[in-house]
Amino acid sequence: GSPAGAEPPPGGRRGGRGRRASRSVTAPRPIAVVVPGTMGSALAARDRGVWLEYFALMKGGLGDIGIGEPDVRPTDLLDDFYGPLIEHLTRTHRVEIFPYDWRRSVREAAQQLASRLEGLLPEAERTRQPVHIVAHSMGGLVARAMIADGGAGAQAWRRMSSLPGSRLLMLGTPNLGSHEAVRWLTGTNPTQAKLILLDFTRSANGVIDIVRRFPGLAELLPFDEERSPWGQVATWKQLKGDLGAGFPTVDDAVLRQAAATWKLLRAAPAEKDRMIYVAGCQPATVIGHEVVEEEFGFARRQLRFIATSEGDGTVSWASGRLPEVPTYYAPDTGHDELCSNADDRRIFRAYVDLLLTGKTDQLPTSPPGRARAAGVEPDRFVLPPLPVADDLPDAATVRGRGGGGGRARRRGALAVRPAQ
């Protein structure tokens, strides 16, 4: 198979058609490299699609992409999440995609992104066109890890930066992590709940046993503190003991690898002239937890999550924004919708403005008033529990959820196809 991050066949999907059309334009154009978020690249095992394929997952396919399994590779971006943005970008850019293996460390993906850029830069340098990295969620960490690597990635960024107008646009990147990673590793993430119901072959703890071994997931844990408690084995043992839970915990070696990545990202430069951040806006984003006695007198303990109104449903604004980097806000747009909300045309128009000019009047630079107004909503509140779901999710439900913690997409413009 092709190496991780290699260009896949365009295929017949909306994003593939748009990319082919963007390459057929003979006049020089800016190059946009779209880097997806965690779980946003399709993965195949031994050339059979697994993620995000409904029937493969139903039959236990998650085990086929366990971290030790052979011949697992990224093949494409998930079209339902990235197709609308790719299609829009083709109007102004030559669009390239960078699928990567999100199970593995962002530092691995960063090396592959550097190689991909090295292949694109000669043409951009010849035509003096800018190169734009459009990075959703974890993809922004991949780009920043590349920039900070002190080697080939830093050199690729320097070459990019020498082309006037080149930029990194981050969409909902968890620059200091996300509590949704905690929820994935404790079996309490809404998307994961659907996956557990779908997988006939393993329990909730069986699903956790697979994902806890993914370095890429551990690197998404909150690291806003210099020595993040989530990077310590003792934190996980304490939480498991407090809950009396049976879930397997993250190994020390995986946490050490995450801590090394966090150190690199903390030291990564925030370049205000070449980086821009767009934050989504949702009513509730998890920012903490507490262990409480379960109601109805069952004498068990459970996790209760603390949320804020200042976030995109997956990443809080405080954990996403970078010092001095210009920040814009996409109203009524959740984390998983930042690349698919074609209903509000201002959003994609703003992205193009930001890429081409570094500014836009399509999106506000201050948070929506509802989140800032004193007394309207508390800054911290208990996240209402989701209704218990015990019915088998259908294909549309599975394909309509990303790895985040927000609501499932509700946009009428996006038809969701069952997996083939």
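Analyst: A contact here means heavy atoms within 4.5 Å. The model is predicted. On that criterion, residues 24 or more positions apart account for 78% of the contacts with a separation of 6 or more.

User: What makes Asn341 a buried residue?

Analyst: Buried means under 20% relative accessible area. Asn341 has a relative accessible area of 1%, and is therefore called buried. Asn341 belongs to the loop between strand S11 (327-330) and helix H14 (345-357).

User: Why is the pair formed by the side chains of Asn341 and Thr333 called a polar contact?

Analyst: The criterion asks for N or O atoms within 3.5 Å, one able to donate a hydrogen and the other to accept it. The side chains of Asn341 and Thr333 are joined at 3.0 Å, as a polar contact.

User: Why is helix H3 described as largely enclosed by the rest of the structure?

Analyst: Ten of the eleven residues of helix H3 (residues 79-89) are buried, so the helix is largely enclosed by the rest of the structure. Among the buried residues are Asp79, Asp80, Phe81, Tyr82 and His88. For the protein, 56% of the 420 residues count as buried.

User: How do you know that strands S9 and S10 pair?

Analyst: Pairing requires at least two bridges between the strands. S9 (residues 285-293) and S10 (residues 301-308) have eight bridges, in the antiparallel sense. Arg304 in S10 is the bridge partner of Glu290.

User: What is the case for pairing S10 with S12?

Analyst: The requirement is at least two bridges. S10 and S12 (residues 381-382) have two bridges, and they pair in the antiparallel sense. Ile306 stands opposite Val382 in S12.

User: Which residues touch the most other members of the largest nonpolar core?

Analyst: Trp51, Leu117, Leu221 and Val278 do, in a core of 116 residues. Helix H4 (residues 106-127) supplies the largest share of this core, nine residues.

User: With which residues is Val278 in contact, leaving aside its neighbours within four places in sequence?

Analyst: The heavy-atom limit is again 4.5 Å. Val278 is in contact with Leu169, Met170, Leu171, Gly172, Tyr328, Ala330, Leu338, Tyr351, Leu354 and Leu363.

Methods
Residues are numbered from 1 along each chain as its sequence is written. This is a predicted model: local features need pLDDT of at least 70, side-chain atom pairs count only at pLDDT 80 or more; totals for chains, interfaces and linings use all residues. Side-chain values use heavy atoms; hydrogens and water are left out. Helices (H or I, at least four residues) and strands (E, at least two) are DSSP runs, numbered from the N terminus. A nonpolar core is a set of buried Ala, Val, Leu, Ile, Met, Phe, Trp, Tyr and Cys residues joined through side-chain atoms within 4.5 Å. Buried means under 20% relative accessible area, exposed over 50%, partly exposed in between (1.4 Å probe, protein chains only).
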